[in-house]
Amino acid sequence: MNIAERLQSLYELCFRNPIIVGSLLDSITLYKDLYVCLFVNRMWGSLAVRRLWYQFTASPDDLLTHTIEKFINTLVKSRNNETRYSYYKYVRVIDLQQVPDVTDDVLESLLTNSPYVEKLLLENYAWPTGEMHKIAPLMPNVRCIGMSNMIIEDELQPLSTYCKHLEELELGADILCTSEVLASITKECPKLTVLRLFSKGYDDQEMNEILKNIPSLKELRISECFCITEAFFQNVISICRELEMFSFYRGFIEISVDNVIKFAQHFAKATKYVFIDVVKLLDVRIECNSAEIMAAMMEPDADKIIKHCETLKLVSLSLLYFTLDSEKLAAICGRLDVRILKLERIDGVTNKEILEAIKKAKKIDTIIITFKSPSFQPLREEDLREITRTSSIKHLEWQCSIYDFEDRRRSAKLPVEGGCEEKEILNKLFESHLVLTEKSN
């Protein structure tokens with residue numbers, strides 16, 4: 001193999017492994033090899049061109065700058081071999097989100113001259129009837145189509161025919177897509193791993209048919225799909241066994257602790273749990289991933305939550321707006337294996353009952369407590385000594401006072417947002433904080 005063939009082979013290798021460039025630059029310094037210098041210059045120039053042309057983002061003032069027109073002209077010239085580099089081969093992302101008035105012919109021209117595009121981003125774009133039938137054949141390599149605040153009166157059926165490599169699909173409120181069409185897309189696009197649905201009228205059975213086609217789904221987000229019932233949650237995990245992220249919001253349905261536990265068992269690696277007691281059905285939601293389980297429920301069963309968490313080793317457990325009694329509080333502090341416990345805006349227990357519970361904590365090292373009512377009592381010195389002597393707690397935040405038992409330090413902070421509304425109460429609390437701070441100094 002002569003020197004030219006060897007350089008060409010090395011040139012192709014570096015495009016597959018760009019990290020080699022750094023080593024080659026070192027070799028220039030060490031060996032002063034003219035051939036290597038020429039080779040690296042050629043390769044570095046090509047890499048720079050690829051990076052510059054990888055993504056095109058239209059300027060918001062395109063009417064003045066004509067960035068889209070200039071971009072298209074360069075693409076056309078490169079396809080006709082009138083430029084040094086084949087720019088049209090490098091484009092992978094076209095972002096038109098900042099230009100809401102892109103005409104149909106411009107969009108079609110962009111895609112015609114960017115045959116390798118993998119991601120198309122559109123926003124505030126009025127999609128004319130029949131447009132999808134025109135542009136879908138122009139995107140054989142597309143993996144993601146982002147369409148936000150769109151008005152689409154055309155069906156998305158062509159995606160299942162022409163966009164077989166689709167990996168991510170988001171259907172907003174104004175995008176027309178029947179359950180039959182979406183089922184067809186999921187069937188013909190087996191690489192689909194991300195599905196986001198907003199304001200769709202699919203019921204439980206239709207959602208099951210859609211998901212059965214994509215068992216390898218990684219992310220599923222559902223919002224304002226009011227025909228879905230709680231029964232749907234019982235099938236999600238069994239169908240999508242590889243799910244890594246799930247969220248459901250604004251569905252006007254109640255979510256039971258039992259169903260939350262099913263998701264928690266699937267996302268078994270999650271070490272942070274957040275439970276919220278809400279009073280409006282509109283606020284019910286659930287979000288799960290490998291790190292955190294968050295569930296906002298109406299009148300959640302605290303006993304079931306405690307029983308489930310007893311089998312876990314958690315980094316953090318948060319209970320917001322819960323009404324607890326002394327027995328439940330004692331079980332939380334004494335039986336759970338959790339490092340950080342947050343009881344925010346709690347009600348139903350007295351200061352004395354809370355103190356008795358946290359004094360028995362054996363595994364918790366940080367407790368953060370805020371009260372639903374602004375009327376709370378500061379901790380006494382004898383309480384602090386008892387906590388230090390009998391519990392495992394190293395850091396305690398009692399409403400607006402902070403106690404660090406390791407450093408034997410006491411400080412204060414302003415009231416939590418929404419904790420107190422009356423000005424007089426705020427002023428009184430702030431004055432007490434100053435006293436605490438002065439004592440600590």
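1. Buried means under 20% relative accessible area, exposed means over 50%, and partly exposed lies in between (1.4 Å probe, protein chains only). By that rule Tyr273 and Phe275 are both buried.

2. This is a predicted model, in which local features need pLDDT of at least 70 and side-chain atom pairs count only at pLDDT 80 or more, while totals for chains, interfaces and linings use all residues. Residues are numbered from 1 along each chain as its sequence is written, and side-chain values use heavy atoms, with hydrogens and water left out.

3. The whole structure holds 12 aromatic pairs. One of them joins Tyr85 and Tyr87: the ring centres are 6.3 Å apart and the planes stand at 70 degrees, so this pair is edge-to-face. Rings of Phe, Tyr and Trp (its six-membered ring) pair if their centres lie within 6.5 Å; planes under 30 degrees apart are stacked, over 60 edge-to-face, and the rest tilted.

4. Tyr85 is buried at 15% relative accessible area. Tyr87 is buried too, at 16%. Tyr273 and Phe275 also pair edge-to-face, because their planes are at 70 degrees, with centres 6.0 Å apart.

5. Tyr85 and Tyr87 belong to a cluster linked by ring pairs, together with Trp53, Phe56 and Phe71.

6. Arg79 places its charged end over the ring of Tyr88, 5.6 Å from the ring centre. The criterion: NZ of Lys or CZ of Arg within 6 Å of the ring centre and within 35 degrees of the ring normal.

7. Thr65 is partly exposed, at 26% relative accessibility. Setting aside residues up to four places away in sequence, Thr65 touches Ser59 and Lys70 (heavy atoms within 4.5 Å).
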